[in-house]
Protein chains: 4
Amino acid sequence: MVRIVVLGQGLVATHLAVGLERIKSGELEPVGVPLERFEYEIPVKSLEIVGSFDVDPGKVGRTIYQVAKDMLGSQLPVPQSLEAVRVERGIHAGSVKGLIPGARGLDEDLGMEEAVEIVADRLQHLRPDVVINVITTERAEPFETLESVRDRVRRGLVSASQAYALAVLRYAEREARRVALVNAIPAPLANDPVLVSMFEEAGSLLLGDDGATGATPLTADLLEHLAERNRRVLSIAQFNIGGNLDFLALTLPEKNIMKEKTKSSVVKDILGYDVPHYIKPTGFLEPLGDKKFVSMHIAWKTFNGLEDELVVNMRINDSPALAGLLVDLARISYSLLERGYKGTVYEVNAFFMKNPGPREAPNIARITAFQNMVKLLQGLGALSTGLPGRRA
Amino acid sequence: MVRIVVLGQGLVATHLAVGLERIKSGELEPVGVPLERFEYEIPVKSLEIVGSFDVDPGKVGRTIYQVAKDMLGSQLPVPQSLEAVRVERGIHAGSVKGLIPGARGLDEDLGMEEAVEIVADRLQHLRPDVVINVITTERAEPFETLESVRDRVRRGLVSASQAYALAVLRYAEREARRVALVNAIPAPLANDPVLVSMFEEAGSLLLGDDGATGATPLTADLLEHLAERNRRVLSIAQFNIGGNLDFLALTLPEKNIMKEKTKSSVVKDILGYDVPHYIKPTGFLEPLGDKKFVSMHIAWKTFNGLEDELVVNMRINDSPALAGLLVDLARISYSLLERGYKGTVYEVNAFFMKNPGPREAPNIARITAFQNMVKLLQGLGALSTGLPGRRA
Amino acid sequence: MVRIVVLGQGLVATHLAVGLERIKSGELEPVGVPLERFEYEIPVKSLEIVGSFDVDPGKVGRTIYQVAKDMLGSQLPVPQSLEAVRVERGIHAGSVKGLIPGARGLDEDLGMEEAVEIVADRLQHLRPDVVINVITTERAEPFETLESVRDRVRRGLVSASQAYALAVLRYAEREARRVALVNAIPAPLANDPVLVSMFEEAGSLLLGDDGATGATPLTADLLEHLAERNRRVLSIAQFNIGGNLDFLALTLPEKNIMKEKTKSSVVKDILGYDVPHYIKPTGFLEPLGDKKFVSMHIAWKTFNGLEDELVVNMRINDSPALAGLLVDLARISYSLLERGYKGTVYEVNAFFMKNPGPREAPNIARITAFQNMVKLLQGLGALSTGLPGRRA
Amino acid sequence: MVRIVVLGQGLVATHLAVGLERIKSGELEPVGVPLERFEYEIPVKSLEIVGSFDVDPGKVGRTIYQVAKDMLGSQLPVPQSLEAVRVERGIHAGSVKGLIPGARGLDEDLGMEEAVEIVADRLQHLRPDVVINVITTERAEPFETLESVRDRVRRGLVSASQAYALAVLRYAEREARRVALVNAIPAPLANDPVLVSMFEEAGSLLLGDDGATGATPLTADLLEHLAERNRRVLSIAQFNIGGNLDFLALTLPEKNIMKEKTKSSVVKDILGYDVPHYIKPTGFLEPLGDKKFVSMHIAWKTFNGLEDELVVNMRINDSPALAGLLVDLARISYSLLERGYKGTVYEVNAFFMKNPGPREAPNIARITAFQNMVKLLQGLGALSTGLPGRRA
């Protein structure tokens with residue numbers, strides 16, 4: 001069994017919990033879980049969510065079942081088995097300030113140092129193999145030096161994601177246990193050399209940053225498509241608008257910047273030259289809900305100097321797409337831990353993440369990244385060889 | 001120098017001729033020529049168009065310069081150097097019947113057997129290394145057996161493309177010279193086992209079929225993108241409409257079928273399962289000219305059973321896109337011939353062609369196909385190793 | 001009370017039945033019913049479906065409730081009150097040949113003349129004020145002369161819609177009652193001068209043809225938008241693809257032609273000049289279901305000779321859109337009958353129909369047509385004056 | 001002859017100048033000039049640009065010909081006749097601060113009071129009938145009271161548009177001449193009751209504000225289209241991105257707000273209820289140039305509670321579209337002045353402007369507005385009656 005703790009019981013974590021149980025009961029096909037086209041050494045039914053942290057007063061103290069009923073009940077069947085896990089109070093660090101009224105974290109009651117220790121205590125109790133960070137997009141500055149870490153914690157100058165990362169490390173240390181943290185939000189964890197080396201030191205894994213589900217990986221593949229034909233891209237415009245909490249968070253300018261950074265790096269990394277572009281999560285429109293609208297315009301020069309253009313419009317369910325990836329990230333983490341991998345693993349990040357760590361690692365076409373990752377996993381014996389599709 | 005003869009002096013051949021000269025004179029960057037991101041052993045300036053065949057009474061007997069002036073003069077500068085080559089009468093076999101009034105081929109005057117011999121004579125005179133077939137889409141049935149070839153020629157039951165292929169073989173045979181034929185139209189040449197084995201026998205190359213420039217390779221990469229996330233595709237609709245001769249030809253039902261076949265195979269080959277789809281070159285709309293409009297709708301099931309959808313709209317210049325690919329197909333052919341390749345070469349077809357030969361070979365994601373081809377060419381020492389972009 | 005009989009218990013009739021009952025019970029807002037923004041003299045709750053005819057063996061003899069459960073049960077709540085009406089066998093005339101296995105009409109058992117009389121008998125029993133034709137798109141040729149009618153019936157050379165129209169006339173005649181027939185399909189009834197004059201003679205109403213719900217009225221308004229700025233339209237491409245029975249019917253070429261005709265007339269009528277266009281219901285794609293996909297490309301010349309372009313993509317539920325219009329068509333018909341209108345009424349057709357009768361009447365921008373119709377109805381005292389929106 | 005002075009020799013004014021001359025010489029059809037479908041009492045050839053003001057050091061002192069050569073020379077032929085008019089220094093008031101290096105206005109040299117007088121002097125010399133304001137979007141606050149005007153001028157607290165408006169009034173006053181000012185930018189002039197009453201007092205006309213060329217009037221007509229079918233709009237997202245100076249100006253937040261205001265009012269005015277919407281000029285992307293990209297997503301509820309959606313994507317040349325409207329605004333202004341109209345005229349603003357004055361006047365569907373305006377002009381005898389299209 002792979003034991004999972006989630007940080008942030010929002011839409012992504014709730015889709016993950018509901019989807020996992022539905023797949024395990026045979027009610028749902030494992031659509032949206034990339035490696036289910038192959039045979040993976042760890043079946044989906046071995047994954048178990050054993051704990052959850054949040055700071056929303058409407059969630060803390062309730063079961064995942066109750067939370068899921070509220071969030072998804074009108075849209076999907078919610079399995080009773082989710083009554084087994086209760087959402088616990090976690091770390092706030094102001095991450096949802098102005099977004100969720102009444103949000104309160106352990107840090108606000110006890111100070112940050114103490115809060116980190118208490119989360120570590122709880123992790124010792126819950127014994128996760130993999131911790132998944134899906135809290136709301138927050139502003140975070142990487143640690144400059146190993147020495148600055150303790151000081152910033154003492155002065156409360158860490159983001160919630162960073163505090164959780166330190167709690168995971170404390171837990172790994174105390175138990176002398178190798179653990180994985182998967183960071184699916186834009187906060188720079190796997191892109192922070194200090195944190196990566198701390199995880200390496202602890203024999204643990206830190207994958208991230210920012211799960212790539214929608215427009216960014218598609219843009220990557222479209223740009224690679226153009227690059228391979230040596231078409232000269234002239235401009236790229238990309239708009240995103242949605243109605244979930246993450247889009248609401250992005251109306252706060254300092255969070256928007258976090259997202260924009262991870263989205264823009266894709267252009268130069270893939271094309272090999274820079275192009276005027278406007279790539280932004282643009283707006284919040286409540287009625288769109290979790291099904292965001294994406295619009296993209298790309299213009300390029302073709303042979304003989306003429307101009308072509310491409311417009312892409314998508315309606316995609318934001319959270320379930322990420323939840324499906326997290327299923328694989330959890331079991332890949334487990335497989336890698338078992339085989340002694342530590343620090344971060346670019347081959348995995350490159351496919352799953354918008355801003356793949358380690359820092360300075362390039363964004364590559366997702367189709368290429370996928371093949372590299374498959375090769376790695378097949379080499380390790382974690383993934384069946386041969387053509388995919390057998391288990392469809 | 002790589003000597004090239006083109007079959008069909010339409011928009012593609014004319015863009016190729018104009019673009020090549022403009023690149024050679026330094027007036028135009030080699031945008032749209034895939035391998036120009038790397039360093040290729042044969043520079044673009046070594047390519048030379050030395051002959052051209054057509055059956056249009058408005059083209060036969062005139063220079064490529066005059067033809068290009070008429071077709072592209074209002075849009076692009078036409079280099080004087082194109083006055084060196086004159087369009088000769090080629091084989092018709094009814095391929096533009098009902099499309100070009102007054103079209104007449106050698107076959108109509110002399111019978112097909114004699115026409116093939118005369119084209120072979122002319123090729124002996126022109127001494128091409130590579131012959132490129134870009135005549136208008138025509139109906140063609142593959143040869144069943146080696147024995148049937150001679151009989152069908154005698155009875156005039158071959159398409160223009162097939163007759164040209166036989167002329168190329170005659171030329172190779174008579175001169176004991178290894179030649180390449182690149183088939184960029186849907187007629188099944190590289191998908192015809194009989195023809196492929198005849199080329200193999202002659203130590204010559206037959207690449208094809210149907211140059212992949214627009215919606216089909218993009219669809220391939222989009223489907224691969226979805227497949228790698230294990231999203232379950234529910235339906236695919238794809239419309240194409242344009243105003244060039246090829247779209248006009250497709251209003252004739254038997255030609256439309258040729259195109260539809262090559263376009264549909266992509267779905268099952270890449271996804272591993274079949275999906276209800278409507279993928280068709282749909283209509284002719286004269287004012288769109290060579291800049292076709294493509295509209296695509298793809299719906300899929302994501303994690304937790306929800307539905308997403310994607311709409312792609314493109315305006316792309318049809319002919320220059322193919323012309324850019326032909327530049328590379330010509331020099332790759334030359335490199336392969338020099339190294340003893342014969343018959344057909346799937347690794348090259350898989351990237352460049354909508355319906356890559358040999359018959360039964362699968363359509364794969366173009367990004368994957370590109371990498372395989374690059375690996376092959378780097379292995380042969382034809383292509384620089386290292387990252388692309390150096391010569392941008 | 002306005003008594004309604006529907007011809008063809010397909011998706012449109014079923015949405016109409018379900019929607020009407022849900023509005024009447026207060027469960028549903030009257031969204032999609034145009035005049036509900038105003039105050040109409042006949043409230044929606046006065047409308048009652050009292051009879052239904054079909055030839056599908058899976059429907060004849062069952063209640064509308066049972067049929068609706070099958071067709072919409074997974075998507076919508078189906079009111080029990082629909083158990084009151086049973087679907088009766090109607091006229092086939094080959095209208096769903098090749099589409100619905102086992103379809104059989106009264107005409108196949110008894111001959112057409114007798115079938116018309118029996119439907120008239122049933123109408124005498126059901127006593128409708130308004131009969132609504134929503135059978136599947138069928139091929140129909142207008143009557144040339146009054147004299148030819150009887151002859152064509154005798155020889156079985158009438159379409160199902162025409163036969164139903166004659167049955168409605170027989171019923172009106174026998175009962176000396178003024179009745180309305182609303183033709184929401186492309187068969188030319190209100191565009192057939194012979195039929196219109198027969199209805200006029202009978203003091204009855206014939207509205208039609210082909211309810212305008214999707215791309216056609218939107219195209220009309222977009223073209224008017226361009227015309228009013230004197231932009232010169234260069235080309236129009238419009239694709240429609242869907243998965244309901246009507247799209248399946250359109251894969252049969254002779255039905256496709258019926259649709260194409262009504263869709264194309266809009267261009268010249270509104271712009272005042274003809275434009276190369278491709279406007280077609282293009283294809284059938286079963287998974288799209290009743291929610292069709294529409295893609296449109298319009299290019300035009302703007303001031304100073306430059307070119308602009310517009311792409312429209314829609315996903316619209318085909319049948320409910322028409323059902324909403326039928327609610328108003330039923331009560332408008334009733335109001336007009338009460339005030340002595342007979343024959344056909346262009347002011348109403350111009351807004352509601354793709355091919356507004358009488359024959360030769362132009363297609364105008366829908367926004368204009370709406371205002372003209374509102375003015376007519378306000379003049380008659382049927383519709384509240386003042387601004388709309390009061391009852392929203 | 002109608003004498004025109006333009007304020008701001010940017011792309012719009014330059015397209016206007018070039019297009020007018022090309023139409024007058026017969027080289028260009030009057031496409032994009034709305035009333036040219038009819039017969040207007042003042043032919044286009046009677047319009048003459050007699051003066052131009054700007055503050056760009058690259059333009060002041062040069063002829064319109066020279067400016068046009070620079071701006072449009074690579075795209076369009078520029079008539080020699082434009083050498084007759086030289087661009088003069090106008091009023092800056094910081095309107096292009098941060099956008100055009102070195103911009104300097106009369107106000108910076110002489111103070112605002114004096115600058116207004118000097119512009120009035122120049123107008124006395126140029127004797128325009130119509131002054132057209134097409135300076136770059138600037139921030140402006142309406143005058144609160146008549147008394148505040150003089151004071152704000154003295155303290156330099158007026159925008160460039162306001163200062164120009166006062167100069168026009170001074171000119172009208174001094175010459176006892178009735179003049180029209182057409183305000184095609186978002187600054188609230190026709191929406192400022194104080195300014196409107198000053199123009200009324202002077203027997204002059206003030207039309208505005210913000211010429212409606214692109215997404216806004218189309219949105220208006222699309223919403224009216226939905227409203228007339230009583231579809232319940234759920235959300236509206238609209239993005240605009242372009243590469244001209246106006247888009248660059250909108251990257252400065254206080255200018256963006258000016259645009260957003262005029263764009264949003266359309267929703268409630270037409271639908272009769274408010275809808276969550278995101279309607280913004282979103283970004284600047286230099287390579288798009290004057291041909292902006294617009295993307296729109298509208299979702300609504302249809303009959304029986306189901307949801308439909310519409311996506312619109314446009315590529316439109318921003319400036320020529322407005323220039324075409326200005327041709328008609330100039331001659332309509334002249335006709336209205338001649339017939340004694342003064343203050344502002346809603347019937348004209350409602351069609352041509354994004355934010356039609358007077359203040360509080362509603363935004364209505366453009367198709368409706370067009371008909372109202374045509375009726376007014378036909379009533380005055382300025383416009384031919386009968387169907388349009390005669391002169392096409």
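1. In chain B, helix 1 and helix 2 pass each other in a left-handed crossing, a term that applies if the near helix is turned anticlockwise from the far one by less than a right angle, whereas clockwise is right-handed. The axes of helix 1 (residues 11-24) of chain B and helix 2 (residues 64-72) of chain B come within 10 Å and cross at roughly 110 degrees; axes are lines fitted to C-alpha atoms, for helices over the stretch in contact, and angles run from 0 to 180 degrees between N-to-C directions. Helix 1 of chain B and helix 2 of chain B are therefore roughly perpendicular, given that angles under 35 degrees count as roughly parallel, over 145 as roughly antiparallel, 65 to 115 as roughly perpendicular and the rest as oblique.

2. This is a predicted model, in which local features need pLDDT of at least 70 and side-chain atom pairs count only at pLDDT 80 or more, while totals for chains, interfaces and linings use all residues. Residues are numbered from 1 along each chain as its sequence is written, chains are lettered from A and ligands numbered from 1 in the order in which they are written, and side-chain values use heavy atoms, with hydrogens and water left out.

3. As for the residues at that crossing, Leu11(B), Thr14(B), His15(B), Ala17(B) and Val18(B) of helix 1 of chain B meet Ile64(B), Val67(B), Ala68(B), Met71(B) and Leu72(B) of helix 2 of chain B, contact meaning heavy atoms within 4.5 Å. Sorted by class, the contact of these two helices holds eight nonpolar, two polar and no charged residues, where Ala, Val, Leu, Ile, Met, Phe, Trp, Tyr, Cys and Pro count as nonpolar, Asp, Glu, Lys and Arg as charged, and the others, Gly among them, as polar.

4. In chain A, helix 1 (residues 11-24) packs against helix 11 (residues 318-338) at an angle of about 60 degrees, with the axes 8 Å apart, and that angle makes helix 1 of chain A oblique to helix 11 of chain A. The crossing of these two helices of chain A is right-handed. Here Leu11(A), Val12(A), His15(A), Leu16(A) and Leu20(A) in helix 1 meet Ser319(A), Pro320(A), Leu322(A), Ala323(A), Leu326(A) and Val327(A) in helix 11, and the contact has nine nonpolar, two polar and no charged residues.

5. Which residues does Ile23(D) touch, not counting those up to four places away in sequence? They are Phe303(C), Leu28(D), Glu29(D), Pro30(D), Val33(D) and Val44(D). Ile23(D) lies in helix 1 (residues 11-24) of chain D and, at 13% relative accessibility, counts as buried, a class that means under 20% relative accessible area, with exposed over 50% and partly exposed in between (1.4 Å probe, protein chains only).

6. Val312(C), which is found in strand 10 (residues 307-317) of chain C, is buried at 2% relative accessibility. With residues up to four places away in sequence left out, Val312(C) touches Leu218(C), Leu222(C), Val294(C), Ser295(C) and Met296(C), and also Leu310(D), Val311(D) and Val312(D).

7. Over all chains, the count comes to 22 aromatic pairs, a pair being rings of Phe, Tyr and Trp (its six-membered ring) with centres within 6.5 Å, where planes under 30 degrees apart count as stacked, over 60 as edge-to-face and the rest as tilted. The ring centres of Phe53(D) and Tyr164(D) are 6.3 Å apart and their planes stand at 55 degrees, so the pair is tilted. Phe53(D) belongs to strand 2 (residues 47-54) of chain D and Tyr164(D) to helix 6 (residues 160-175) of chain D, so the pair ties together parts that are 111 residues apart in sequence. Both Phe53(D) and Tyr164(D) are buried.

8. Some backbone details deserve a look, since most residues other than glycine have a negative phi, and most peptide bonds are trans. Gly208(B) and Asp209(B) are joined by a cis peptide bond with omega about 5 degrees, and Asp209(B) sits in the loop between strand 6 (205-207) and helix 8 (215-228) of chain B. Asn230(B) has a positive phi, near 55 degrees, and is buried, with a relative accessible area of 8%. Ala93(C) also has a positive phi, of about 50 degrees, and counts as partly exposed at 28% relative accessibility.

Conventions
Helix = DSSP H or I, 4+ residues; strand = E, 2+ residues; numbered from the N terminus.
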